[in-house]
Amino acid sequence: LAEYVAAGLTPLEALRTATINTARALHVEGDLGTVEPGKLADLTIVAGDPLQDIRATRDVRIVIVGGVVHTLADLAEPYLR
C-alpha cells in the first residue's frame, strides 16, 4: 500500500486498489471488497488513520477472521513455541 502511495495514489485510492478494485477484477465484488451485510469480511484493525498516513496499515492491532477476533500475540504464539 505504501508503494502505491509512493507511486502517486492517495491513501484512499491505495486502499480501494487493495480491496474493492481487486474484488471487481476477480469478479467477486458480490461477496468481497467492501464491508456490507451479507458479504464475507475479514478485517484488520490498525492503530492510526491510514487515510492520513498509509503507514498506519503496518501497525496492526487486531485481525478478525471468520468472526473470530485475534490479537497479534494470538497469531504469533504458534511460531514462538
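These notebook entries record what I looked up in the predicted model shown above.

**Entry 1: conventions**

I number residues from 1 along each chain as its sequence is written.

**Entry 2: overall layout**

I counted four helices and three strands in the protein. Helices (H or I, at least four residues) and strands (E, at least two) are DSSP runs, numbered from the N terminus. From that terminus on, the elements run α-α-α-β-β-β-α. The C-alpha trace spans about 40 × 30 × 20 Å along its principal axes. I then looked up burial, where buried means under 20% relative accessible area, exposed over 50%, and partly exposed in between (1.4 Å probe, protein chains only). Of the 81 residues in the protein, 12% are buried.

**Entry 3: the sheet**

In which order do the three strands lie in the sheet? I found an open sheet with the order β1-β2-β3 and antiparallel pairing; two strands pair if DSSP finds at least two bridges between them. β1 (43-46) and β3 (68-71) are the edge strands, each with a single partner, so one side of each has no neighbour in the sheet. Neighbouring strands are turned by 20° against each other on average, direction ignored. For that angle, axes are lines fitted to C-alpha atoms, for helices over the stretch in contact, and angles run from 0 to 180 degrees between N-to-C directions.

I next followed the bridges. Four of them join β1 to the antiparallel strand β2 (residues 60-65), and Ile-45 stands opposite Ile-62 in β2. Four bridges also join β2 to β3, again antiparallel. Across that pairing, Ile-62 stands opposite Thr-71 and Ile-64 opposite Val-69. β2 and β3 form a hairpin with two residues between them, and Gly-66 in the turn has a positive phi of about 60°.

**Entry 4: the loop between α3 and β1**

Ala-41 is partly exposed, at a relative accessible area of 35%. Its C-alpha atom is separated by 30 Å from that of Arg-81, 40 residues apart along the chain. His-27 has its place in the loop between α3 and β1 as well. The phi of His-27 is near 60°, a positive value in a residue other than glycine. Is His-27 buried or exposed? At 68% relative accessibility, I record His-27 as exposed.

**Entry 5: salt bridges**

- Glu-36 pairs with Lys-39, with the closest N and O atoms 3.1 Å apart; Glu-36 is partly exposed at 42%.
- Asp-53 and Arg-55 meet through their side chains at 3.0 Å, N to O; Asp-53 is partly exposed at 29%, whereas Arg-55 counts as exposed at 53%.
- Arg-61 pairs with Asp-59, with the closest N and O atoms 3.1 Å apart; Arg-61 is partly exposed at 47%, and Asp-59 is partly exposed at 32%.

**Entry 6: the largest pocket**

I searched a 1 Å grid over the protein atoms alone, where a pocket is an open set of points that fit a 1.4 Å probe, with protein on both sides within 12 Å along at least five of seven lines. Grid points are joined across faces, edges and corners, and a volume is the space filled by probe spheres set on the points. The largest pocket holds about 510 Å³ of space. It is lined by 16 residues, of which Leu-15, Thr-19, Asp-42, Leu-43 and Thr-44 are the closest to its centre; a lining residue has an atom within 4 Å of a point.

Which element gives the most to this lining? I noted β1, with three residues. By class, the lining of the largest pocket has ten nonpolar, five polar and one charged residues. Here Ala, Val, Leu, Ile, Met, Phe, Trp, Tyr, Cys and Pro count as nonpolar, Asp, Glu, Lys and Arg as charged, and the others, Gly among them, as polar.

Technical notes
This is a predicted model: local features need pLDDT of at least 70, side-chain atom pairs count only at pLDDT 80 or more; totals for chains, interfaces and linings use all residues. Side-chain values use heavy atoms; hydrogens and water are left out. A salt bridge is a side-chain nitrogen of Lys or Arg within 4 Å of a carboxyl oxygen of Asp or Glu.
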